[in-house]
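Work through the two exercises below with the sequence and the 3D view open. Try each task before reading its solution.

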2 protein chains.
Amino acid sequence: MSKSIDQFIEQGKKTIETELETILEGKNIPKNLYDSISYSLFAGGKRLRPILLLASFNTFSSHTKKVLKTAIALEMIHTYSLIHDDLPAMDDDDYRRGKLTNHRKFDEATAILAGDALLTYSFEIVAEDDELTDKEKTYIIQSLAKVSGPEGMVAGQILDIEGETKSVSLTELEKIHELKTGKLIMFAIVAGAYLGEASTEQQKHLRKFAYYLGLIFQVQDDILDVIGDPEKLGKPVGSDIENEKSTYPNLLGLDGAKAQKKKYEEEAIKSLQAANADDSHLLELLRYFSQRDH
Amino acid sequence: MSKSIDQFIEQGKKTIETELETILEGKNIPKNLYDSISYSLFAGGKRLRPILLLASFNTFSSHTKKVLKTAIALEMIHTYSLIHDDLPAMDDDDYRRGKLTNHRKFDEATAILAGDALLTYSFEIVAEDDELTDKEKTYIIQSLAKVSGPEGMVAGQILDIEGETKSVSLTELEKIHELKTGKLIMFAIVAGAYLGEASTEQQKHLRKFAYYLGLIFQVQDDILDVIGDPEKLGKPVGSDIENEKSTYPNLLGLDGAKAQKKKYEEEAIKSLQAANADDSHLLELLRYFSQRDH
């Protein structure tokens, strides 16, 4: 990993977290709800989605302030989805990144409401963003809702739950991941390019780049569940095999999964070159995603 | 009840339901999620919030098409809140309006996701509404998020849950209702006036009208739990007394609650007159709310 990309990620993380810390200040939120929201917003997230948004935007513009609220909204939607996914009725997880999940730290009702609040508030943040024109706000809200809603992330979660009780093909697996994690990654890349005023042609290629990036993210997740270090991951490994979950290694074998990742990488790089954006942090982030160990 | 207001309500209900029926058509939503969303959207709702929005808008404009998508978004947010409120971790209700609640008809995971989907989709609908300018979309999304989120309806739900285990004063009770049900009613009235291009002064008075209307709605709800007809209500009565819930009759006695409702009515009518809007369906809807038997 080059020093430059590490610095970019570290700097991006700081920028996002500073913004997150101030965003809820002065808001009139009941204490218990506020605590529950804050707890999950600062539970050690890697901020990968907002960092991708920054990287995509910075490929075309240096006025970073313009995308900060959108980045925050994106991180809030990601956080809401984790809180709801962890609920007893869904994945029933007690820990995430080594810390108690929201419903275990607080209670189920509070966790459901904290998720609802984060989801709702994310749209308010964009609608109130002074850095954007009304046209830009509308575009961002429409895209963000579309990738998160019943045709996006929520659809992915339903299909994922249904997939747990039956075997799925590689194509079905790609579809679930595209909806469940890929769509938010796509939003990060495309919204960044749009706000940075990339050409329509560039946005088209970056959309393709984002598609493969999302798949790489997921393959690596599945690979880490086989060969990852539980210490670094902050969670036990091997649960996918045990649960006979549809994963890349379970479907293709470990070497097959690695080969598949390589294919996705080549496609992603091709799209990045077509967008004339391969001389940016996006290329390094692609490698970072692909090689991450946690 | 005059024939005219009955007709207005009946017509409004039809308009909303026709719009609801077409809105999800052609959407690429997984079947189980689609069924769950549809089930709750068509579970016999009275459509009071969208009807209030129509009435407020029609006080100033007859181009009803302009507010239809906003009305749908409002009804979707109301529906999501009912689905989540009914969950085992919240009110744990098996029936609503005589039909199984969403999580009893489907399952808990599906109900949580159906709520999430409706909430998210409501913002997409407004962002995509061709009848509105980008400025109007931004205003509607910002207001709708604000009344529904951590400073609005979600805050009301948290406080309501907390209030179940302690006694609250009349002022605290008013606050909970203002947040939990009042804010969406306020949105209906104020957004209708804004889109109908009422003056800022008129919007200010209607905001006050909406505040009292919301309280009247709640007092009557509480009164019906004491003297209502279970057949008409589609649910048993008397549960508030049994659960020692903080309600108007429990705090003020039945006659006291009725007197309080009368006070709210007088204030509401004063505001309606100040807004020069007392020659509209809003006055009749106020009486309808105040006297409803279900």
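Buried area is the accessible area, found with a 1.4 Å probe, that two parts lose on being put together, summed over both. The model used here is predicted.

**Exercise 1.** Describe the interface between chain A and chain B.

Solution.

Step 1. Start with the contacts: 45 residues of chain A meet 45 residues of chain B.

Step 2. Give the area. About 3,900 Å² is buried between chain A and chain B, and carbon and sulfur atoms give 72% of this. On the side of chain A, the residues that lose the most area to chain B are A:L113, A:T120 and A:P150, together 15% of what that side buries.

Step 3. Count the polar links. There are four salt bridges between the two chains, and 10 residue pairs are in polar contact, both residues at pLDDT 80 or more.

Step 4. Sort the side of chain A that touches chain B. Helix α6 of chain A gives the most to this side, with 13 residues. By type, the residues of this side divide into 24 nonpolar, 10 polar and 11 charged.

**Exercise 2.** Is A:I176 buried or exposed, and which residues does A:I176 touch beyond four places away in sequence?

Solution.

Step 1. Locate the residue: A:I176 lies in helix α9 of chain A, residues 170–195.

Step 2. Apply the cut-off. Buried means under 20% relative accessible area. A:I176 has 8% relative accessibility, so A:I176 counts as buried.

Step 3. List the neighbours. Leaving out residues up to four places away in sequence, A:I176 touches A:G156, A:L159 and A:D160. The C-alpha atoms of A:I176 and A:G156 are 5.1 Å apart, although 20 residues separate the two along the chain.

Conventions:
Residues numbered from 1 in each chain as written. Chains lettered and ligands numbered in written order. Predicted model: local features only at pLDDT ≥ 70, side-chain atom pairs only at ≥ 80, totals over all residues. Heavy atoms only, no water. Contact = heavy atoms within 4.5 Å. Salt bridge = Lys/Arg side-chain N within 4 Å of Asp/Glu carboxyl O. Polar contact = N/O pair within 3.5 Å; in protein donor to acceptor, adjacent residues only side chain to side chain. Helix = DSSP H or I, 4+ residues; strand = E, 2+ residues; numbered from the N terminus. Nonpolar A, V, L, I, M, F, W, Y, C, P; charged D, E, K, R; others polar. Buried < 20%, exposed > 50% of the residue type's maximum accessible area, 1.4 Å probe, protein only.
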